Amino acid sequence: MPDTAMPILDVNGLKTVFRTRGGEVHAVNSVDFHLRPGELLGVVGESGSGKSVTMMSLLRLLPSPPAEMRNGTVMFDGQDLLKISPEELRKVRGSKIGFIFQDPMTSLNPVYTVGFQLAEPLRAHLGMSKAQARDRSVELLKLVGIPDPERRLKDFPHQFSGGMRQRVMIAIALACDPQVLIADEPTTALDVTIQAQIIELVKDLRRKLGMAIIWITHDLGVIAGIADRVMVMYAGQVVEEGPVNEIFRDPQHPYTQALLKTVPAVRGPRAERLQVIEGQPPIMHETPDACSFRNRCQYAFDRCARENPALEPVHVPGHRAACFLLDTASTKEPETVHG
Amino acid sequence: MADVRNGTEAQAPLVKVRDLKMYFPIHAGLFRTHVGDIKAVDGISFDIMPGETLGLVGESGCGKSTVGRSILRLYDVTGGTVEINGFEIAHVDRDSLRSKRPMMQMIFQDPQASLNPRMTVASIIGEPLDEHMKLSADERLARIYELMDWVGLNREFAKRYPHEFSGGQRQRIGIARALALNPKFIVCDEPIAALDVSIQAQVVNLLEELQGRLNLTYLFISHDLSMVRHIADRVAVMYLGRIVEIASREKLFAEPLHPYTQALLSAVPEPDPESERNRKPIVLQGDVPSPANPPKGCNFSTRCPKVMDICKLQEPGVFEFGEGRQVACHLYSESMTTTAEPTAGERTN
C-alpha cells in the first residue's frame, strides 16, 4: 500500500444536516478522511451512523432540501466537489467517481434494458457512438462475469437474479474507468454464497484496474477480508480509523471493541452468551458537544459528558481514535509508541 | 428427512414434521389454468425435542420461511403431516386448529410490518389474551405488565404506539405478543435480520433467556450462520425446498458433510484479517435454480463442485451418520448405508 502517495480524495470537516419537521438531524458531523490511489477503505457503522450520508454528500447526491451541506471541503482532482457547478459535478459523477448502491433492484431502471443503462454513461461521458458503446458494454459484462453478454444486453433488470443485477451495477459503475469507486453496502442484499462471488469479483477487478474503493458495510467479516484501511463511524462521526490489522487486532475506541465482541463467529470457540452493547445509538438533533457514545460506554466518566473527543493518533502511524481514555493509555506506556 | 433417533432419549419430540410439502400453484393464460407448481417446500421431515432450538438455514428463496409458516398452518399445506405436542396440525379443521393456536406462536422478521400501527403496545400484547382467554380487566393488565417486564420493556410505554419505538424495542413487543398465551413452541422467522448488529445480540440473548425461563422450543429460521451457530442446538440446512443436511451444531460447523453446507460455511467472512487472507472460500458458480422448475436429480447438481453423473439423474437418498445426523448426497451412498432409503419420494418415518 503506497503510504506516502498523495490522497486522491481528501475530505475535511464535512457536515451534513437534514431539516425535518421534527427539527434538525445532524447526520454527519465534521468528518475528515482521505483516500489514497488504489486503496480500499472500509467504512463500518450501524444504520444511522452517517456512513451512507457521508458518501452521498461527497457527490451531492442528497436532495436539498431537506439535506444541507453546512461545511467542509471535498478535494478531488484539484477541485472542491462541494463548490463546483452542477455541470462540472455531472462530469465527475459516474465518470471519475463510480457509485454502487445497496439494492440493485431499486437502483436499476426497470423500463430500460441493461444494455441501454450501460451505454448511457459511455455515450454521455466519453462521447462514444452507439456501436462503440455496445462493444464496450459487452466487454464490461464479460469483465464482471456475466455469461453470454451479447444476448444479456437486451434483457431488462428483472430478468437478472440479485447477484447478476449487482454485477450489472458494478459494470455500470466501472464503465468510464473511474479513479474512485464508492460501494454502498454492495453485498448486504445478497446471500452469502453470492456475496462470496461478488467479493472475489471486486478483488479481481482491483488487481486488474487498480482504482481506489470506498466500501461501506456493517459486516465486519467482509471488511476484514478486503479492506486496507478501516474507518468506524458512530453518530455521524469518525470514532476510529486505521490499518485493517490494527483495527481488528488492537481496537482503541470502546465502540469498536464492543462491536467486534458482539458478532459471533462461525469458526473458533463459541461463547455461551453474546456480548451486548446496551442501549441504542442516539439521534443527533444538534452538533454533538460531548462524546455521543458515552451513554452506552462502560468506561464513560465525567469528562465524556463535557467535551467531544477529537481523533487523536495512537501507537501505530495512521491509526487514530476519538476517546479520552487514549490519553491515559499513551502516557502509561510510552515505549509502545512506534514499537 | 426422517429423524430416526437411537432410542436413548426418553422424551418424545414436541414437533414432528413428516414429508411436508407446500406447493404454490402457477396459473397462466386466458383461463388462468393451472400450469405448474412452485415447489417451495418439497418433502421435508424433522423432529424438534422439547426445550431444543432447531436452526433452519438456507439462502433466500430456499423455502425456509415457508416451512415455518406451513408448520403453524399459516398456509394450507399440500402434503405431509405436522404434529405439535401430540396434535395433528396440518389437516385439522379451523375450529380445532384455533383451540391449538395458543401453544404455537410466531415471531416475525419485520417488526415494523407485523405490528398494527394504530394499536398501542398494551392492546397488541393483550389481543391474544382477549381472543383465547377470559380475563378480567385487572388480570389482563397484570399479564401485559408481566410480559413487558419479561422482554425488558418499560411498563410506562404500554400506552405508546409502535412507531415510537426503535427496531429492537419493536421486536421485543413482537416477542411479548408471542409469549402472551404461554406457548410451548415458537417459530422465530428471521427475528434479527432487520436489526443492527449491536441490537441483534440483545434480542438473541433475550430469546435465550426466555427459553431457559419458560422452557420454550424454538424453530429459529435465519440466513445468518454465525447467529444460528450461537443459538441453535441442532441445525438443518435447506436448499431449494429440501433439507440437505441436519446435524448437531458442533458436528455441522466443525465438519460439514454436504457440499452445499461446505460451500455455505466457507462463504461466511470472518472478522479477522489474518485468517481472512488465508481463507479460500468455495465459490459456487451460478444462481439458485427456480423452484418452479427444479433440476432433474439432485437439486444442487447444477452448482455442486463435486457433482457426479448420478446426481443429474437420481435424487439422492438420506444417509444416516448416527446421533441424528443426516445427509442427502450421493457422495455418501456407498460409504455409509445404515438406514438409507431408495428414493426420497417414498420416504416414511
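**Note on salt bridges, ring pairs and a covered helix**

1. Glu39(A) and Arg229(A) form a salt bridge, with their closest N and O atoms 2.7 Å apart. A salt bridge here is a side-chain nitrogen of Lys or Arg within 4 Å of a carboxyl oxygen of Asp or Glu. Glu39(A) lies in the loop between β2 (23–35) and β3 (40–44) of chain A and Arg229(A) in strand β9 (residues 229–234) of chain A, so the pair ties together parts that are 190 residues apart in sequence. Helices (H or I, at least four residues) and strands (E, at least two) are DSSP runs, numbered from the N terminus.

2. This is a predicted model, in which local features need pLDDT of at least 70 and side-chain atom pairs count only at pLDDT 80 or more, while totals for chains, interfaces and linings use all residues. Residues are numbered from 1 along each chain as its sequence is written, chains are lettered from A and ligands numbered from 1 in the order in which they are written, and side-chain values use heavy atoms, with hydrogens and water left out.

3. Are the two partners of the pair Glu39(A) and Arg229(A) buried or exposed? Glu39(A) is buried at 1% relative accessibility, and Arg229(A) is buried with a relative accessible area of 5%. Buried means under 20% relative accessible area, exposed over 50%, and partly exposed in between (1.4 Å probe, protein chains only). Both residues belong to a network of salt bridges that also links Arg36(A), Glu241(A) and Arg320(A). Over all chains the count comes to 39 salt bridges.

4. In chain B, Arg303(B) and Glu59(B) meet in a salt bridge at 3.7 Å, N to O. The two are 244 residues apart: Arg303(B) is in the loop between α11 (273–278) and β11 (319–320), and Glu59(B) is in the loop between β3 (53–57) and α1 (64–71). Arg303(B) is buried at 4% relative accessible area, and Glu59(B) is buried at 3%. Another salt bridge joins Glu276(B) to Arg279(B), with 2.9 Å between the closest N and O atoms; both of these residues are buried.

5. Helix α10 (residues 259–266) of chain B is mostly covered, with eight of its eight residues buried. What covers them includes α8 (192–209) of chain A, together with elements of chain B, among them β9 (234–239) and β10 (242–248). One of the buried residues is Tyr260(B), whose relative accessible area is 0%.

6. The rings of Tyr260(B) and Phe300(B) have centres 5.1 Å apart and planes at 70°, so the pair is edge-to-face. Rings of Phe, Tyr and Trp (its six-membered ring) pair if their centres lie within 6.5 Å; planes under 30 degrees apart count as stacked, over 60 as edge-to-face and the rest as tilted. Phe300(B), in the loop between α11 and β11, is 40 residues from Tyr260(B) and is buried at 1%.

7. The structure holds 11 aromatic pairs over all chains. Tyr112(A) and Phe116(A) are stacked, at 4.5 Å centre to centre and 20° between the planes. Tyr112(A) is partly exposed at 38%, as is Phe116(A) at 40%. Ring pairs also link Tyr234(A), Tyr255(A) and Phe293(A) into a cluster.

8. The predictor gives the complex an ipTM of 0.76 and a pTM of 0.83. Chain B has a mean pLDDT (the predictor's confidence in each residue, from 0 to 100) of 87, and 93% of its residues reach 70 or more.

How values were computed
Contact = heavy atoms within 4.5 Å.
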